[in-house]
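Thanks for coming. I will take one structure today and walk through a few of its residues.

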Amino acid sequence: MSLPSTMRHVDFSAPGGPEVMRIVEGPVPSVRAGELLVRVEAAGVNRPDVAQRQGTYPPPKDASPILGLEISGEVVALGEGVSGFKLGDKVAALANGGGYAEYCAVPAGQALAWPQGYDAVKAAALPETFFTVWANLFQMAGLTEGESVLIHGGSSGIGTTAIQLAKAFGATVYTTAGSAEKCAACVELGATRAINYKTEDFVEIIKAETGGTGVDVVLDMIGAAYFDRNLQVLAKDGCLSIIAFLGGSTVEKANLAPIMVKRLAVTGSTMRPRTAEEKRAIRDDLQAEVWPRLEAGEVAPVIHTVLPFDQVVEAHRLMESSAHIGKIVLKLG
């Protein structure tokens with residue numbers, strides 16, 4: 001397959017607002033051992049992309065500096081040692097960077113075939129949120145059938161994914177969101193109760209809903225602002241899983257007694273610094289446990305908006321506004 005030497009990709013010369021981004025010409029990335037080169041058909045937009053553009057989330061040294069952590073498209077080149085894929089395969093992949101581009105090199109262990117019946121846009125809305133939710137909610141926090149979970153930010157890409165997966169695997173789901181419309185969307189996705197955090201106290205409601213017992217797991221993207229309250233709503237032997245710090249990363253004062261009294265676990269992670277082996281293990285779990293549910297229609301990405309590639313500035317403005325419910329996807333070509 002003949003490949004071009006250059007491609008269009010998003011660039012920014014200095015950190016700043018969405019307006020610093022522009023589309024430029026640059027070289028097509030070379031494919032290293034163990035990698036796939038993918039002709040990108042669609043790319044997901046995520047909070048880490050915004051943070052990188054703002055200068056607060058630099059890429060790892062060995063990763064592409066180009067924005068973009070999830071893509072879908074066609075395999076156009078195979079690196080040395082790659083098995084299980086062939087030229088022409090349609091894949092969705094978790095990228096270490098470089099997704100906002102016409103071509104992106106990704107580790108083969110972070111790629112999956114499109115679920116049956118999916119197109120490029122739906123496939124591009126999967127990797128970042130499904131990898132993150134599976135790793136933090138199921139692998140680390142250990143959510144299992146019959147347990148209960150409180151998911152903050154239920155209308156986000158992470159939240160809409162977490163609600164559906166938790167429900168699909170037999171958990172009772174509670175969630176917070178910032179408007180009546182967003183709460184209604186969360187209930188439609190499977191939440192037993194959606195709490196409007198602007199008008200309701202989630203601690204009081206969770207205690208009332210659970211008869212004072214609390215929930216087994218809290219999936220939190222707020223951080224410091226919710227730390228004490230999250231400990232209050234956890235049941236004995238519960239787990240707080242922190243995946244972002246939208247409400248700050250430094251807790252000035254905290255009552256740690258609930259951790260000891262209730263034998264709580266506090267954990268957290270970010271996806272990008274994980275090793276290739278760790279990401280492959282998550283990929284393998286998703287392929288075995290989640291992809292069949294996607295193909296059966298039990299779970300599906302919630303897509304708020306699809307924008308053409310050259311409207312990346314508008315996509316980031318929408319992400320920063322938090323006016324969306326679900327995923328924002330850029331379409332190339």
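The model is predicted.

With that numbering, Arg 274 falls in the loop between strand 13 (265-268) and helix 9 (276-296). What is the nearest side chain of opposite charge to Arg 274? It is Glu 278, at 4.7 Å. A salt bridge needs nitrogen and oxygen within 4 Å. Arg 274 has no salt bridge, although it is buried. What Arg 274 does have is a polar contact of 3.2 Å with the side chain of Ser 269. Leaving out residues up to four places away in sequence, Arg 274 touches Ala 135, Met 140, Ser 269, Lys 279 and Ile 282.

Next, Gln 110. This residue sits in the loop between strand 6 (103-107) and strand 7 (111-113). Is Gln 110 buried or exposed? Its relative accessibility is 2%, so Gln 110 counts as buried. The side chain of Gln 110 reaches the backbone oxygen of Leu 94 at 2.7 Å. Beyond its neighbours within four places in sequence, Gln 110 is in contact with several residues, among them Phe 131, Ala 276, Lys 279 and Arg 283.

Now the salt bridges. The structure holds 15 of them. One joins Arg 8 and Glu 102, with the closest N and O atoms 3.3 Å apart. That pair links distant parts of the chain: Arg 8 is in strand 1 (residues 6-11), Glu 102 is in the loop between strand 5 (90-94) and strand 6, and they are 94 residues apart. Arg 8 is partly exposed at 30% relative accessible area, and Glu 102 is partly exposed at 24%.

Another salt bridge is between Arg 229 and Asp 201, at 3.4 Å from N to O. Arg 229 lies in helix 7 (residues 227-233) and Asp 201 in the loop between strand 10 (193-196) and helix 6 (202-209), so this pair ties together parts 28 residues apart in sequence. There is also a network of salt bridges linking Arg 39, Glu 41, Glu 74 and Lys 90.

Last, the whole chain. The secondary structure comes to 10 helices and 15 strands. The radius of gyration is 20 Å, close to the 20 Å that the globule rule gives for 333 residues, so the chain is as compact as a globular protein of that length. Of the 333 residues, 54% count as buried.

Note on methods
Residues numbered from 1 in each chain as written. Predicted model: local features only at pLDDT ≥ 70, side-chain atom pairs only at ≥ 80, totals over all residues. Heavy atoms only, no water. Helix = DSSP H or I, 4+ residues; strand = E, 2+ residues; numbered from the N terminus. Buried < 20%, exposed > 50% of the residue type's maximum accessible area, 1.4 Å probe, protein only. Lys, Arg positive; Asp, Glu negative; His and termini not counted. Polar contact = N/O pair within 3.5 Å; in protein donor to acceptor, adjacent residues only side chain to side chain. Contact = heavy atoms within 4.5 Å. Rg over C-alpha atoms; globule rule 2.2 N^0.38 Å.
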